[in-house]
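Below is a walk through part of one protein model. Keep the sequence and the coordinates open while reading.

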Amino acid sequence: MSRFLSLLLFLAGISHSAERSATVTKMVAAETDIHRSAHVQVQVVSNLTHGGGVLDVSQDDDFNKTHPIFEDCSVPLTEMVDHLNSHLTDLDDILLWAHKRCPEGKLIQVTSFGASGMVILHKMSQLGILGAIPTVSLDTLHLFPETYDFIDRVQSHFDDMCLRKFRPLGFDHKSAFVAEHGTDLWRSDPHEYDRIVKVEPMLRAFEELRPSAWITGRRSSQGSERTDLNVFEIDHDDPTRVKINPLAHWTYDQVWEYIKKNDIPYNPLHDRGYKSIGDVQTTRPVARDADERSGRFLGLEGKTECGLHSRNRPKRTKSSSKKQDATDASRLSPQTVVS
């Protein structure tokens, strides 16, 4: 029996919605097309969980296989990702599918606790899956004081959240970072700055947690490199890892309508004109009608991404000192804070 097909049918039992059932029916038809040469036998068992029938996957010995996420499928990962993008669009369905499909501990969410990230946190909490999905956040040591205070508030608000904070390797405080790199590394060598405070900590998080998939808050309406964003994509750093962007097709206004409707906490800097919030030295408030990310990377002409999601990922530059190489080699234990 096709394990992917069984998961698609599982979604039909989650909701009473006729529209969602119709969506699943289309997905089943598409799955049949993909595996037209296979003989598929489906046994549906009566189950009152969620008020409907669900497919029995208890005998699927391979369901909890680890990396990669689609290793039990007979079609290429690229084809399966295209298939998902064609059929999974509802936020609930996307998150529930990811939670059910990924082995325990192999799905993570990466967030900076911006508006989009707060929507996803709230929805996962509503669905009862937040505690099972580690939340990863990068502390660059250069965030706004308001952001640090807000993260503490978020932890109190979502007490089921399992937060993992990753900082630049070997640094716990901004003062130590400045003592070694100075105050203007972000300006004099922005690629090296991004590599140290964002890219390396993220890669270290991947190395430690080894996820099969990770959830982001990126949206196509944010423009630039994100304009053609899909919900599902293959991670360009690891062709066996999937990036999931549940809000890929949401607009800025939709995000804030959801936040207001559900009384979700948000960073108070948003009320002061900061549409998108990053490091304190490169983030500014913008006009109400300005592009959402136009207040980011101030003083860094042409820059729209920090490197976490860009294919032009920062690498070690010529300005990196031999002292830094030696220091990195001596920092063998990850500076990870588990909250």
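At what angle do helix H5 and helix H10 pack, and how far apart are their axes? The model is predicted, and in it H5, residues 115-127, packs against H10, residues 252-261, at an angle of about 50° with the axes 10 Å apart. Angles of 65 to 115 degrees count as roughly perpendicular and those under 35 degrees as roughly parallel, so H5 is oblique to H10. The crossing of these two helices is left-handed.

The residues that meet there can be picked out on each side. H5 contributes Ala 115, Ser 116, Val 119, His 122, Lys 123 and Gln 126, while H10 contributes Val 255, Trp 256, Tyr 258 and Ile 259. By class, this contact of H5 with H10 has 6 nonpolar, 3 polar and 1 charged residues.

H5 also packs with helix H4, which spans residues 91-101. Here the angle is about 70° and the axes lie 11 Å apart. That angle makes H4 roughly perpendicular to H5. The crossing of H4 and H5 is right-handed, whereas that of H5 and H10 is left-handed.

On the H4 side, the contact is made by Leu 91, Asp 92, Leu 95 and Leu 96. They meet Val 119, Ile 120, Lys 123, Met 124 and Leu 127 in H5. The residues of this contact divide into 7 nonpolar, no polar and 2 charged. Val 119 and Lys 123 of H5 take part in the contact with H4 and also in the contact with H10.

The remaining feature is a pocket. The largest pocket holds about 290 Å³ of space and is lined by 13 residues. Tyr 252, His 270, Gly 273, Lys 275 and Arg 288 lie nearest its centre. The lining of the largest pocket has 6 nonpolar, 2 polar and 5 charged residues.

How values were computed:
Residues are numbered from 1 along each chain as its sequence is written. This is a predicted model: local features need pLDDT of at least 70, side-chain atom pairs count only at pLDDT 80 or more; totals for chains, interfaces and linings use all residues. Side-chain values use heavy atoms; hydrogens and water are left out. On a 1 Å grid over the protein atoms alone, a cavity is a set of points where a 1.4 Å probe fits but cannot get out, and a pocket is an open set with protein on both sides within 12 Å along at least five of seven lines; lining residues have an atom within 4 Å of a point. Grid points are joined across faces, edges and corners, and a volume is the space filled by probe spheres set on the points. Ala, Val, Leu, Ile, Met, Phe, Trp, Tyr, Cys and Pro count as nonpolar, Asp, Glu, Lys and Arg as charged, and the others, Gly among them, as polar. Axes are lines fitted to C-alpha atoms, for helices over the stretch in contact, and angles run from 0 to 180 degrees between N-to-C directions. Helices (H or I, at least four residues) and strands (E, at least two) are DSSP runs, numbered from the N terminus. Angles under 35 degrees count as roughly parallel, over 145 as roughly antiparallel, 65 to 115 as roughly perpendicular and the rest as oblique. A crossing is left-handed if the near helix is turned anticlockwise from the far one by less than a right angle, and right-handed if clockwise. Contact means heavy atoms within 4.5 Å.
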